[in-house]
Number of protein chains: 2
Amino acid sequence: MGTITIKDVAKLCGVGVSTVSRAINDHPDINPETKQMIMKVIEENNYIPNNSARNLKRSDSKTIAVLVKGVDNPFFGKMIRVIEEEIRKKKYSMVVHHVEAQEGEVAAALELERQKKLCGMIFLGGFYSETSEDLAKVKVPVVLVTSAKPQLEANAGYSSVSVDDVKESYRMVDYLCELGHERIAILTATMYDESVGKLRLQGYKKALQKHNIEINENLIKYMKDSEDYSMKCGYILMKELLESKEEISSVFAISDSLAIGACRAIHEAGLGVPEDIAVAGFDGLDIGAYYTPTLTTIVQPVEEIAKEAAKILFHVIKKKTIHTHKFFEGELVVRESTNEKDSAH
Amino acid sequence: MGTITIKDVAKLCGVGVSTVSRAINDHPDINPETKQMIMKVIEENNYIPNNSARNLKRSDSKTIAVLVKGVDNPFFGKMIRVIEEEIRKKKYSMVVHHVEAQEGEVAAALELERQKKLCGMIFLGGFYSETSEDLAKVKVPVVLVTSAKPQLEANAGYSSVSVDDVKESYRMVDYLCELGHERIAILTATMYDESVGKLRLQGYKKALQKHNIEINENLIKYMKDSEDYSMKCGYILMKELLESKEEISSVFAISDSLAIGACRAIHEAGLGVPEDIAVAGFDGLDIGAYYTPTLTTIVQPVEEIAKEAAKILFHVIKKKTIHTHKFFEGELVVRESTNEKDSAH
DNA sequence: TTGTAGGCGTTATCAT
DNA sequence: ATGATAACGCCTACAA
């Protein structure tokens with residue numbers, strides 16, 4: 001008695017398969033009583049429709065893919081779970097696909113799209129290296145999360161949801177300046193980054209300019225090509241910075257992971273955070289509240305962002321709307337890792 | 001020019017569909033030249049077989065599901081990525097499914113199994129609450145990772161791969177004892193846990209016994225039902241412990257996340273780690289090496305475990321072997337969060 | 001070695 | 001409101 005099919009159910013109910021189909025798909029043209037009776041039989045024999053057959057028949061497969069670029073960012077963990085939940089609510093399926101830092105995400109996307117007959121995709125992180133033209137090759141609706149391109153064409157072939165990286169970054173660096181810091185270093189993405197790295201660097205520069213602080217290229221530490229937003233990377237960059245003998249009173253890391261790595265490096269150099277060097281992060285990872293010292297950071301509203309991403313995607317899929325670009329406010333959370341610039345200097 | 005099908009390819013090549021099918025599925029009975037020519041045409045028109053159609057035809061769908069129980073354990077993040085890679089190498093698909101702490105994982109598993117015609121499943125974490133009989137309902141091969149049942153029936157209907165939780169836990173607590181600690185608290189899973197929580201608690205008790213230290217129930221802190229292996233949970237449990245006024249010189253948390261939460265609580269109580277209270281964790285998360293103080297822990301060989309899990313699963317699927325139970329050695333990594341019991345006491 | 005045809009479980013289009 | 005029936009794209013006997 002392997003698997004029970006729609007035919008079996010039909011037989012059991014003494015009706016035609018199409019009636020059963022109508023019942024399980026909430027079609028209008030069906031007698032409520034018939035439907036109820038069918039659903040009961042389905043329940044009793046716990047029949048579950050075969051997904052492959054459905055997808056084969058349907059044009060779309062009711063599955064949406066989540067592409068995650070760059071390993072080891074716990075920031076995405078929560079995001080994925082929220083997205084998964086939203087997708088499940090809509091009775092869609094989700095497949096997640098991790099793409100290595102060097103891999104082209106669009107290439108991976110294209111393959112997935114065809115193979116699985118996706119009806120939509122969500123990109124998490126990444127989206128450096130790729131151009132809008134590349135992205136346009138993906139035919140299904142796409143929403144970019146946390147990886148907006150700087151220049152948002154109104155009619156871009158995709159949606160996006162994120163915080164305003166320039167603004168939030170500016171907010172943080174401005175805060176650091178207000179504390180009296182002038183020698184503010186930044187730990188940022190690669191030099192060629194066209195995504196969050198670039199934007200957050202922009203915010204940094206903007207804030208410095210506002211405070212009439214000259215931008216010192218030696219205080220800008222870029223990741224190497226092979227690196228990612230990991231603690232290890234933050235550790236390495238900070239160590240280099242420390243060894244460079246540049247005077248620094250604070251450092252802004254564009255992710256909490258980087259910030260924590262930086263703290264470790266500072267610590268190992270026999271210095272204290274924030275007494276000797278203040279450290280600020282970005283993202284709002286849980287660990288920031290438990291680290292010693294607790295981490296000043298920009299908290300991104302992860303849950304809201306994820307939900308909005310799903311919402312927009314479904315809207316676009318159902319053609320209820322065209323592509324949208326939505327920004328959420330981040331929140332500057334001040335904790336122990338930053339303090340006023342020591343006046344005893 | 002929507003999607004190109006196997007028929008189109010056949011037409012393009014001037015051959016029958018079965019020949020094309022044979023080509024893409026590496027069947028033996030085909031002329032190498034024909035095959036090469038077909039593959040070329042496929043490449044040029046980048047034809048990609050429709051997965052749903054394949055799965056419908058095949059009995060199994062070549063997809064394996066990963067069930068992750070309990071949110072927010074970064075420990076599983078890496079695991080999933082490694083598993084994903086292994087699965088992809090075999091040209092299978094992976095779907096991950098998070099199940100809430102209260103949800104029954106077997107129920108979720110059953111639904112998935114039918115709906116997606118899985119050919120195998122990997123359970124990550126969890127597996128408390130569920131009995132072997134429940135698990136037996138899942139017809140496809142299952143491998144339990146990091147969640148072995150205490151009593152392993154030789155012919156259990158599943159495989160498992162993990163560290164020997166009793167032994168590793170024993171190793172850690174034994175080490176703590178060797179350092180001179182006698183008042184050793186443990187932060188563990190719920191009281192009803194039948195999985196890693198139970199096992200690690202066993203190891204703890206065993207080590208204490210070896211050192212003739214009486215077991216003090218007040219030093220055993222169980223999670224509440226609603227809690228999970230999170231930093232927050234560790235923080236809460238530790239705080240309760242501190243408030244209980246029990247004298248403690250060290251605490252063993254059965255996960256690094258819990259340990260970090262505990263450190264925070266200790267810190268906020270104005271005490272120092274390890275001077276006042278030594279802290280040890282379990283898992284070997286990256287953060288352990290960057291936290292202040294760095295965390296003494298049992299490092300689990302995540303990558304090996306994940307690879308082995310995939311390997312075993314594929315073996316069982318292909319009927320090359322029956323279910324296996326494999327254990328890996330953990331590694332006791334001593335760092336700053338533990339030290340010798342202060343003799344000045 | 002290769003081609004033809006039937007069927008996998010659904011959904012959708014027709015009639016009824 | 002309901003029931004046949006034809007696709008959906010692929011794999012696989014079976015036949016050639």
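How many of the residues of strand β1 (residues 63–69) of chain B are buried? In this predicted model, the count is 7 of 7, and the strand is mostly covered. The cover extends to both faces of β1(B).

On one flank, β1(B) pairs in the parallel sense with strand β2 (residues 93–99) of chain B, over 7 bridges. Within this pairing, B:A65 stands opposite B:V95, and B:L67 stands opposite B:H97. Strand β3 (residues 120–124) of chain B also runs parallel to β1(B), to which 5 bridges join it. Here B:I64 has B:G120 as its bridge partner.

These strands belong to an open sheet of 6 strands in chain B, with the order β2-β1-β3-β4-β5-β11 and parallel pairing. At the edges are β2 and β11 (325–328) of chain B, each of which pairs on one side only. On average, and with direction ignored, neighbouring strands of this sheet are turned by 15 degrees against each other. Helix α12 (residues 302–317) of chain B packs on the sheet, where it touches β1, β3, β4 (142–145), β5 (159–163) and β11 of chain B. The direction of α12(B) makes about 170 degrees with that of β5(B).

Chain B also holds an open sheet of 4 strands, ordered β7-β6-β8-β9, again with parallel pairing. Its edge strands are β7 (220–222) and β9 (278–280) of chain B, each pairing on one side only. Neighbouring strands in this sheet are turned by 15 degrees against each other on average, direction ignored. Strand β6 (residues 184–188) of chain B is joined to β7(B) by 3 bridges, and the two run parallel; B:I186 stands opposite B:I220 there. Two helices lie across strands of this sheet. Helix α9 (residues 196–210) of chain B lies across β6 and β8 (250–253) of chain B, at about 170 degrees to β6(B). Helix α10 (residues 231–243) of chain B lies across β6, β7 and β8 of chain B and runs at about 145 degrees to β6(B).

How do the two chains fit together? Chain A can be superposed on chain B by a rotation of 180 degrees with 0.0 Å of shift along its axis, at an RMSD of 0.1 Å. The two copies are therefore related as by a two-fold rotation axis. Among the residues of chain A, A:S52 comes closest to this axis, with its C-alpha at 2.3 Å.

Where the chains meet, 33 residues of chain A are in contact with 32 residues of chain B. The elements of chain A that give two or more residues to this side are α4 (51–57), α5 (74–89), β2 (93–99), α6 (105–116), α10 (231–243), α11 (256–268) and α12 (287–290). The largest share, 5 residues, comes from α4(A). By class, this side of chain A has 13 nonpolar, 12 polar and 8 charged residues. Because 97% of the interface residues of chain A are also interface residues in chain B, the copies meet through the same surface.

Finally, both chains take part in the surroundings of DNA strand D. The elements giving two or more residues to the surface near DNA strand D are α2 (17–24) and α4 of chain A, together with α2 (17–24) and α4 (51–57) of chain B. By class, this surface has 10 nonpolar, 11 polar and 5 charged residues.

Notes
Residues are numbered from 1 along each chain as its sequence is written. Chains are lettered from A and ligands numbered from 1 in the order in which they are written. This is a predicted model: local features need pLDDT of at least 70, side-chain atom pairs count only at pLDDT 80 or more; totals for chains, interfaces and linings use all residues. Two residues are in contact if their C-beta atoms, placed from the backbone, lie within 7 Å. Ala, Val, Leu, Ile, Met, Phe, Trp, Tyr, Cys and Pro count as nonpolar, Asp, Glu, Lys and Arg as charged, and the others, Gly among them, as polar. Copies are superposed by least squares on the C-alpha atoms of residues with pLDDT of at least 70 in both. A residue is buried if 20 or more other C-beta atoms lie within 10 Å of its own, exposed if 12 or fewer, and partly exposed in between; C-beta atoms are placed from the backbone. Two strands pair if DSSP finds at least two bridges between them. Axes are lines fitted to C-alpha atoms, for helices over the stretch in contact, and angles run from 0 to 180 degrees between N-to-C directions.
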